[in-house]
Amino acid sequence: TAATFNNATGFTNGTLYNGDAIATVNLTSTGASNTANVGSYAIVANDTVLSAGNISNYNITYVDGSLTVSQASLTLTANNQTKRYGDVLSLGTTNFTISGTLYNGDTITSATLTAAQAGNATAPIGNYPIVPSNAVAGNGSISNYNITYANGVLSVWEALSNVVTTN
């Protein structure tokens with residue numbers, strides 16, 4: 001989301017005389033753009049306009065302010081998966097969901113997904129955590145996001161057995 005500045009009140013002024021009053025001060029920052037990356041940016045003031053009085057009666061000194069763009073919060077949750085006893089499961093790198101907003105066309109294309117029993121054909125029947133980590137951005141910068149990782153569940157089910165009866 002782009003930042004907006006209130007050019008009528010987003011500043012502090014010194015002493016004005018004889019009823020002189022500031023109407024506006026132009027405030028700008030490269031960090032105000034909705035595409036600004038995480039970081040600190042200067043807020044630059046200039047072009048003071050008085051609503052009363054004569055600007056030429058003052059020697060104006062501008063001091064930059066500061067704008068901080070913080071990380072957006074996301075949660076990456078591993079999708080639940082199942083396998084049967086005797087099977088080996090590849091968890092892949094895209095079996096996850098994202099909660100929160102990715103901005104400006106940013107994408108997360110993969111993440112590391114690990115579960116201790118996914119590759120074990122003789123894993124005991126039960127539930128095991130699928131632990132996500134190391135999200136990778138397809139577009140944009142992963143550093144613009146504070147990512148919380150949430151586990152999914154790998155459920156190992158009993159094997160299907162084929163019973164053949166003969167007469």
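Q: Where is Asn 80, and what counts as a strand there?
A: Asn 80 sits in the loop between strand 4 (72–78) and strand 5 (81–84). Strands are DSSP runs of E with at least two residues, numbered from the N terminus. This is a predicted model, in which local features need pLDDT of at least 70, side-chain atom pairs count only at pLDDT 80 or more, and totals for chains, interfaces and linings use all residues. Residues are numbered from 1 along each chain as its sequence is written, and side-chain values use heavy atoms, with hydrogens and water left out.

Q: Why is Asn 80 called exposed?
A: Its relative accessible area is 58%. Exposed means over 50%, buried under 20%, and partly exposed in between (1.4 Å probe, protein chains only). Asn 80 is therefore exposed.

Q: Why is Gln 81 called buried?
A: Gln 81, in strand 5, has a relative accessible area of 12%, so it falls in the buried class. A polar atom of the Gln 81 side chain lies 3.4 Å from the backbone oxygen of Leu 91. Not counting residues up to four places away in sequence, Gln 81 touches residues including Leu 89, Ile 130 and Leu 154, where contact means heavy atoms within 4.5 Å.

Q: Is Ser 29 buried or exposed, and why?
A: Ser 29 has 13% relative accessibility and therefore counts as buried. Ser 29 lies in the loop between strand 1 (21–28) and strand 2 (39–52), and its side chain reaches the backbone nitrogen of Gly 31 at 3.1 Å.

Q: Why is Tyr 62 called partly exposed?
A: Its relative accessible area is 35%, so Tyr 62 is placed in the partly exposed class. Tyr 62 is in the loop between strand 2 and strand 3 (65–69).

Q: What makes a set of residues a nonpolar core?
A: The members are buried Ala, Val, Leu, Ile, Met, Phe, Trp, Tyr and Cys residues joined through side-chain atoms within 4.5 Å. The largest such core has 11 residues, among them Leu 89, Leu 91, Leu 113 and Ile 130. Strand 8 (126–139) and strand 10 (152–157) each supply at least two residues of this core.

Terms used: Helices (H or I, at least four residues) and strands (E, at least two) are DSSP runs, numbered from the N terminus. A polar contact is a pair of N or O atoms within 3.5 Å; within protein, one must be able to donate a hydrogen and the other to accept it, and residues adjacent in sequence count only if both atoms are side-chain atoms.
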